[in-house]
Amino acid sequence: MASGKAVDAVYKAKIPAAAAKLRELYYMAHFIHSHTAHFYALAAPDFVVGPDAPPAERNILGLVNKVGIDIGREVIRQREISQIIQQMIGGRATHPVWNLPGGVTRALAREDRDSIKKFAPGLVGFGEFGLKLFDDIVLKNKAYLDLILGDGYELVTNYMGLVDDKNRVTFYDGTVRVVDPDGKEIDRYRESEYLDHVAEHVEPYTYLKFPYLKKLGWQGFKEGKGTSLYQAAPLARFNAADGMATPKAQAAYEKMFATFGGKPVHKLMAMHWARLIEILYAAERLVELVADEEILDPNVRVIPSATPSEGVGIIEAPRGTLTHHYVTDARGIVTKANLIVGTTNNNAPISMAVKKAAMKFIGKGGEVKEGLLNMVEMAFRIYDPCFSCATHSLPGHMPLTIEIKNASGETVRTVSR
Amino acid sequence: MKTIVLGLGNTILSDDGAGIYVARALMGRLGGAADVREAELAGLDLIEMLNGYDRAFIVDAIQLDGEEPGAVFRMRPDDIRTTPRLASFHDIDMITALALGRRLQFHMPEEVVIFGVQAEDTLTLGEQCTEAVKRVIPILADEIAGEISGAPHRKISIGLSERRNTGA
């Protein structure tokens, strides 16, 4: 979706309203499917089965054993529906070849619109169900609530997110807004201006860069007020915005911040809560878009006539603000490209969150149990289940090793998978 | 026996589309003997795609150390961590998907055969496979069609244990 917006900009094309609405409709279904897999399949076992449960039980099968078969089937069903909706709109659920400079390849057929309309209320119900599940199983469990409210998973940075003209969370189009650790707006930019606002620091030990706010300059891995680091992910979006654009998601947003005693929230486990609220928002927004008659307008593409040159597209990806920047020659062949993907924004915060979790849960002189590995890994999984999994080596080993050192720097114990 | 042939891959990344091209070569050819489907991802989607079938043939690209492009390996779900898509980083792996489907009382196939086509290039943007992979697509399609119909057929696939090079 970001690349689609970037090529629109490369060709200086203003896409028809119906094309923008179709892209957003597709994208709402995508958010539901992506967040559902992230939370239910990859993150919820930490909460529902237990953070220090044996790995053989701490997985989606263990989750089903806890919540029951009916709930498990409903999760699979609603995720499948969100995939079907993407396929109806874009031709394919994944890797659609549908976005073109100037719009999309095809209009939405009336019968497909009618089918999506029938699916939509179920998706809203699924969004509400997820929040109730979180309430019942996580928030009403003192141990889990302590985990969320405790300081093991906490990081104080700036926060970034795309907002609409009323500073509400938006995924497809808007202005990038950045707030400081107190919630005060400190930066705001449009797509074409991103290079004036974000820079990427390089460290020799990794090819993944560390983005930071350019005007504050690189200050290293430092948290707190004045840091130039920012986070961009569901909780960051909530902190960077003033609210949600749909009623049920807005109510859930207010409840979440009330639970934490105000904004912004620096407790990282709230990221999963925000993720579930975003499922509800995406479902409500999907209902709005599919009810809009303009979505059936056959005018879904303008043929670009300008000579292609350079363009930037920014959206909110499920894991954070996603920027695509292309420079092309006069034929439209890309000569230069830069991508700042969702998780890359969070590279430095993830490193710091993992370190803080390790320091907190290891404790001075404390016993180190196997569950510690997962407690540390959870700090990563908050942001991105793929990246943490991508550190696996085939065939399926997780090269996670924790070395416990004493005050002299000697390794006294090694725990690994 | 209700059967599905499922081709997995990405047809804009050269040999990564091998599974899908094999599925396309079988479309309209198997009559009522099997359904044929193509998909870009596996993970949780496998539950929905395999639900209702007794037997599944899954075709995907594979990259094993030291193997010649175009070699075809016949595998079982226990071997699947060798194909990137079926051991997805973004989702649950195939063993988990099959187990979850059964736990949720979906009708998951008892027999699952995976054909891994050794890829030469899965990184270059391109809508066709390299020559070595292109050559084996119709042969593998014949093998699968023959196995489903029970007719005599040439066999191109080998088991992982028959590999000349273990990649060690």
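Of the 168 residues in chain B, 49% are buried. Keep in mind as you explore that this is a predicted model.

**How chain B is built**

- Chain B contains 4 helices and 6 strands.
- Read from the N terminus, its elements follow the order β-α-β-α-β-β-α-β-α-β.
- Among contacts in chain B with a separation of 6 or more, 72% are between residues 24 or more positions apart.

**Residues with a positive phi**

Most residues other than glycine have a negative phi. Here are two exceptions to look up.

- A:N167 is not a glycine, yet its phi is positive, at about 60°.
- You can find A:N167 in the loop that links β3 (158–163) with β4 (175–179) of chain A.
- A:N167 counts as partly exposed because 18 other C-beta atoms lie within 10 Å, and a buried residue would need 20 or more.
- B:Q105, also not a glycine, has a positive phi of about 65°.
- In chain B, the loop between α3 (94–103) and β5 (111–118) is where B:Q105 sits.
- B:Q105 has 11 other C-beta atoms within 10 Å, so this residue is exposed; the cut-off for that class is 12 or fewer.

Most peptide bonds are trans.

- Between A:K263 and A:P264 the peptide bond is cis, with omega near -15°.
- A:P264 belongs to the loop between α8 (247–260) and α9 (270–291) of chain A.

Methods:
Residues are numbered from 1 along each chain as its sequence is written. Chains are lettered from A and ligands numbered from 1 in the order in which they are written. This is a predicted model: local features need pLDDT of at least 70, side-chain atom pairs count only at pLDDT 80 or more; totals for chains, interfaces and linings use all residues. Helices (H or I, at least four residues) and strands (E, at least two) are DSSP runs, numbered from the N terminus. Two residues are in contact if their C-beta atoms, placed from the backbone, lie within 7 Å.
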